[in-house]
Amino acid sequence: MSRCSKEILKRVNHLGEGASSRDLYDDWSQSYDAHLLDDFGYISPQIAAQTLADRSRQRDVDIIDYGCGTGLVGEELGKQGFTNVDGVDISAGMLGQAREKGVYRNLISGDLTAQIALGDAIYDVAICVGAMGAGHVGARHVPQLLRPLKSGGLFIITINSMHFAAEGFERAFRQLEDTGLWQIHTLQQFNYMTQLDRPGWLVLAEKR
Ligand SMILES: C[S@@+](CC[C@H](N)C(=O)[O-])C[C@H]1O[C@@H](n2cnc3c(N)ncnc32)[C@H](O)[C@@H]1O
């Protein structure tokens, strides 16, 4: 793995919210896919898309991809036959790369830690891959991320295990379940970079 790839992982691990997130990903946007796919063997987008494909017989569902980045999740969803996909991201650079892939219906610029006017109860599925924890989006933002989702809609999330533990995601997610906001169906660990030992959590929940 190149020195540059290692440096970028360090920067991601020590990210702050909002502006610094935007700056990092704007800088990284052009080489992100090469680093993630070729250097790290990143498979979270595949896992998320497969999780949805295993769960949903319908392919014409409306999906919102939170923190869509360069569009790796949209691409994997497309391979599984899901094409009604909108993406939101804070970084113009990442959104530009996603636009070039041509796999999103709409791409929206926005900060997921603030209120984004997407509308209430309009999506069947929400996905957030690699955009929670470590100064990205926090567990406290989940209630607002659930608003655009229909009741009974699925929320698929992947989070790096180190940040999942350090930031108390499991406890926070269980508390949301106790308040009746969602029901968690799957909470399991997987290695999300085949070239590294990089465990993450996969969460599949249903909005109540
Ligand atoms: C590790 S990348 C994951 C991108 C994509 N989901 C993937 O799996 O390749 C994290 C993404 O979250 C976005 N992001 C971080 N904080 C954000 C925020 N507050 N609002 C919206 N997007 C954010 C970044 O710009 C970046 O594109």
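Which residue in β3 does D86 stand opposite? I looked that up, and D86 faces N106.

**Ground rules.** I am working from a predicted model, where local features need pLDDT of at least 70, side-chain atom pairs count only at pLDDT 80 or more, and totals for chains, interfaces and linings use all residues. Residues are numbered from 1 along each chain as its sequence is written, and side-chain values use heavy atoms, with hydrogens and water left out.

**The sheet.** I took helices (H or I, at least four residues) and strands (E, at least two) as DSSP runs, numbered from the N terminus. Two strands count as paired if DSSP finds at least two bridges between them. Strand β2 (residues 85-89) and strand β3 (residues 106-109) run parallel over four bridges. With helix α6 (residues 92-101) they form a right-handed β-α-β unit; right-handed here says that, with the strands pointing away from the viewer, the path from the first strand over the helix to the second runs clockwise.

Next I followed the whole open sheet: seven strands in the order β3-β2-β1-β4-β5-β7-β6, with mixed pairing. β3 and β6 (182-191) are at the edges with a single partner strand each, so one side of each has no neighbour in the sheet. I also checked β5 against strand β7 (residues 199-207): they pair in the antiparallel sense over seven bridges, and I159 has W201 in β7 as its bridge partner.

**The cavity.** On a 1 Å grid over the protein atoms alone, a cavity is a set of points where a 1.4 Å probe fits but cannot get out; a pocket is an open set with protein on both sides within 12 Å along at least five of seven lines; lining residues have an atom within 4 Å of a point. Searching the whole structure, I found one cavity of 30 Å³ or more. The largest cavity has a volume of about 610 Å³, volume being the space filled by probe spheres set on the points, which are joined across faces, edges and corners. It has 45 lining residues, and Y25, V129, G130, A131 and H136 are the closest to its centre.

The largest pocket has a volume of about 160 Å³. Its lining includes R55, R57, D124 and G152. β5 (149-160) is one of the elements giving two or more residues to that lining, and β5 gives the most, with three.

**Helix α3.** Which residues of α3 (residues 32-39) are buried? I noted Y32, D33, H35 and L36, with buried set at under 20% relative accessible area (1.4 Å probe, protein chains only). Just after α3, G41 takes a positive phi of about 65 degrees.

Note on methods:
Buried < 20%, exposed > 50% of the residue type's maximum accessible area, 1.4 Å probe, protein only.
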